[in-house]
Amino acid sequence: MDAIYGIPILGLVIQFVVYLVEAFPVLAPTIVAAATPIALGALCGFMNERSGVVNIGIEGMMLTAAFVAWWTASVAAQLVPDLRLAVFGITLPLLIGLTAAIVAAMLVSAVHAWLSISVRADQIISGTIINIFAVAITGYLNLLISQQSPPSAGSFQALRLPSAIEDIPVVGWLVDAFITVGPIGLSMLISVIVLQVLLFRSRWGLRTRAVGEHPKAAETVGIDVIRLRYRNVILGGAFAGLAGAYLTIEFGSAFQGEMTAGRGFIALAALIFGRWTPIGALGAALLFTTSIGLERSIRFAPPEGQLGELLTAVPLQFYSALPYLITIIVLAGVVGRSLAPAAVGKPYERESKAA
Amino acid sequence: MTGPAAPAAPAEGAPRRRSLVERVRAVALLPAIAIGLALVIGGIVIILSSPLIRGFDLALPLVAYRALAEGAFGSVNAVVNTLVNATPLVLAGLAVGIGFKAGLFNIGAQGQFLLGALSATVAAIALNDASPWVAIPLSLLAGMAGGLAWGFIPGFLKAFTGAHEVVTTIMLNFVAIHLVAGVISGPLRGAEVTFARTDDFAAAGLPLLIGRNGHLGLLFALVAVPLAWWIIYRSTVGFEIRTVGANPDAARYAGMHPRWITILTMSACGLLAGLAGAGEILGEVGYMPASYGTTVGFDAIAVALLGRAHPIGILFAGLLFGAMQAGAGLMQVQAGVPAQMVGLLQAIILFFLAAELIVRQVLRVRTGDGELVPELQTVSQSYGDQASR
């Protein structure tokens, strides 16, 4: 009996794979674009948690940065000359907006670092404060500023490559999705690779892992735990800054209240699902946004026949909830196990102070 | 709670019992300082942003705060509105605060609130033609059950797999959002509505008791606060919850079962947040939208912290935030200060509470009580301990 029932199911699976393969090159640029702020946010979480600090405030840091990027770029567009570079559609106001966003997110990170490391306050409360603060302050200022309808500074443009490259099969659509993107999108890919290498191949990476797993041992071999944590947490803010700026001066060109819409929390999920590594987090972010992209694809162009009926019978919201469900499953250790760095969440006290 | 202490001088040598005034001062001084500092900093933000409102104005904070107070307490309807806003905050605040007592950080009050609202909706729609005497209690029970289920899951996962509740509850919040959207825009979508929502509830809508919108749900918070206090501080289960929160290992050696306490506490938290959601949707909204924009579950974290995880404290903290939400509209209309100022005040209050050590040092405050919520130590420090289970 199994064999008889098995064949149609196998047929459906093959149909589904064919559907995915056909839809993927078309969907790939949107999937990567959606994954970019999530992967950048996850890098922020990576810098924090690998050195032993919980960060659930990524969402708030991204939102703050998104607002600051849009606002300062808009103000700068009224004040400074509109110098334009040949690549990426870079203008002076956009550069000012990007810098301001990074600085703003690093400042918020510095507050998180101070509360978590020096004050030894609860790190989850610190993240909660950042999230509440960001929604309130950006909503407050946005309401006041948007009344005066400020001009938009536009957004960064995607890199243009000779069309010959895009015509190569497979490599073509990979390049199309990952390389022919704006400067922040490109910086995401570079950051992921660089951080992955640094984590496992550099002195900084070894020290960071030591501080995140066993700070006492790290201190005894002469690593300044407090200083390294401060540095990593504040530097991590820069990635949240890039993620926020991506939303308002690269992917889009306007700010809306609460526009991060949970991306900071998906970033946290991607970090966990990717087992606290940059490459893993990027992979998880891509998997998550594929699930969300699939929802759209099935809604607008469902596959034909039995498979189409089956896929549209599932409520489409299920595909959006899937990333969160699989994160819970992975965290619970049902399929594979994802373990946090051992010292995450524990404030560090120097021996001499504790004695 | 005992009555006011007798004014008689304490016997020589006997440990002096602290008077009620002293005890209130010890507990409430730091939160009061945090609120005061937040109002000052909020005022500075209002002054700095006043050029964007109606020209630079040093007196604008006073105008704004006066409108805020008037909107919260200026009339009978305003007071009722404050109570209506405070009710879900108090219930969800208890859902977070009781979790703190067991050393659990329930960030999932938001999801439990939504599941409570959704389950109550399902029952309310199914019982549309029944008598209100049947429909109301059953819908409320359904809401509590839905919230309970959404609290049970992270409790179970924490107890038996070690998956940290902070992450699982955040994930479940988002699953809840999509679940509500799927059910309401799908099978439960109303026949006579223009956007994705259910039809208005017929039989299960909570009756009005007082004022323009003072519905039956107000009583739930009034009952839940003393009940929660009794359970935490006077019952055996409450003792076990507090012991597990203070030191899970000691609780285990004493023969308690931290795993079951974890599951029980998270389920109870879910039940309370679910009741908040059910009361809100049946009493205040009157139908269920597919995308229910609410921040009750997150504000509840602020309420629980400001109330120092004590039911009475949570009642006052909920009333304060409820009043600020009720007055925010009038502040925006009269003073032109955006209603988001309320969220900003919340964040600043929390900031000073989190940095209490610094606040104590700088202001040289001496109070008898130690940390804000001592059990919190157990919470985030366990974040990386999943391997050891």
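Which residues does Asn85(B) touch, once those up to four places away in sequence are not counted? Asn85(B) touches Gly322(B), Gln325(B) and Ala326(B), where touching, or being in contact, means that the C-beta atoms of two residues, placed from the backbone, lie within 7 Å.

Before I go on, a word on what we are looking at. This is a predicted model, in which local features need pLDDT of at least 70 and side-chain atom pairs count only at pLDDT 80 or more, while totals for chains, interfaces and linings use all residues. Residues are numbered from 1 along each chain as its sequence is written, and chains are lettered from A, with ligands numbered from 1, in the order in which they are written.

To stay with Asn85(B) for a moment, this residue lies in helix H3 of chain B, residues 76-101; helices here are DSSP runs of H or I with at least four residues, strands are runs of E with at least two, and both are numbered from the N terminus. Asn85(B) is buried, because 24 other C-beta atoms lie within 10 Å, and the rule is that a residue is buried with 20 or more other C-beta atoms within 10 Å of its own, exposed with 12 or fewer, and partly exposed in between, with the C-beta atoms placed from the backbone. Gly190(B) is 105 residues away from Asn85(B) along the chain, and the C-alpha atoms of the two are separated by 27 Å.

Let me now turn to chain A as a whole. Chain A has 15 helices and zero strands, and of its 355 residues, 50% count as buried. Along the principal axes, the C-alpha atoms of chain A fill a box of roughly 70 × 55 × 40 Å. If we take the contacts in chain A between residues at least 6 apart in sequence, 79% of them join residues at least 24 apart.

Helix H2 (residues 58-79) and helix H3 (residues 92-118) of chain A pack at an angle of about 150°, with their axes 7 Å apart; the axes are lines fitted to C-alpha atoms over the stretch in contact, and angles run from 0 to 180 degrees between N-to-C directions. The residues that make this contact include Trp70(A) of H2(A) and Pro93(A) of H3(A), and by class they divide into 18 nonpolar, four polar and no charged. In this scheme Ala, Val, Leu, Ile, Met, Phe, Trp, Tyr, Cys and Pro count as nonpolar, Asp, Glu, Lys and Arg as charged, and the others, Gly among them, as polar.

In the loop between H2 and H3 of chain A lies Phe88(A), which has a positive phi of about 60° although it is not a glycine. Phe88(A) is partly exposed, because 18 other C-beta atoms lie within 10 Å.

Ala309(B) counts as buried, because it has 24 C-beta neighbours inside 10 Å.

As for chain B overall, its secondary structure comes to 15 helices and two strands, and 54% of its 389 residues count as buried. H5(B), with 30 residues, reaches 43 Å from its first C-alpha to its last, close to the 44 Å expected at 1.5 Å a residue, the expected span being 1.5 Å times one less than the number of residues. Just after H5(B), Gly162(B) takes a positive phi of about 80°.

Finally, the interface. Where the two chains meet, the contact takes 44 residues from chain B and 47 residues from chain A. Among the elements of chain B that give two or more residues to the side touching chain A are helix H1 (20-53), helix H5 (132-161) and helix H6 (165-185), and H6(B) gives the most, with 11 residues. By class, that side of chain B has 31 nonpolar, 13 polar and no charged residues.
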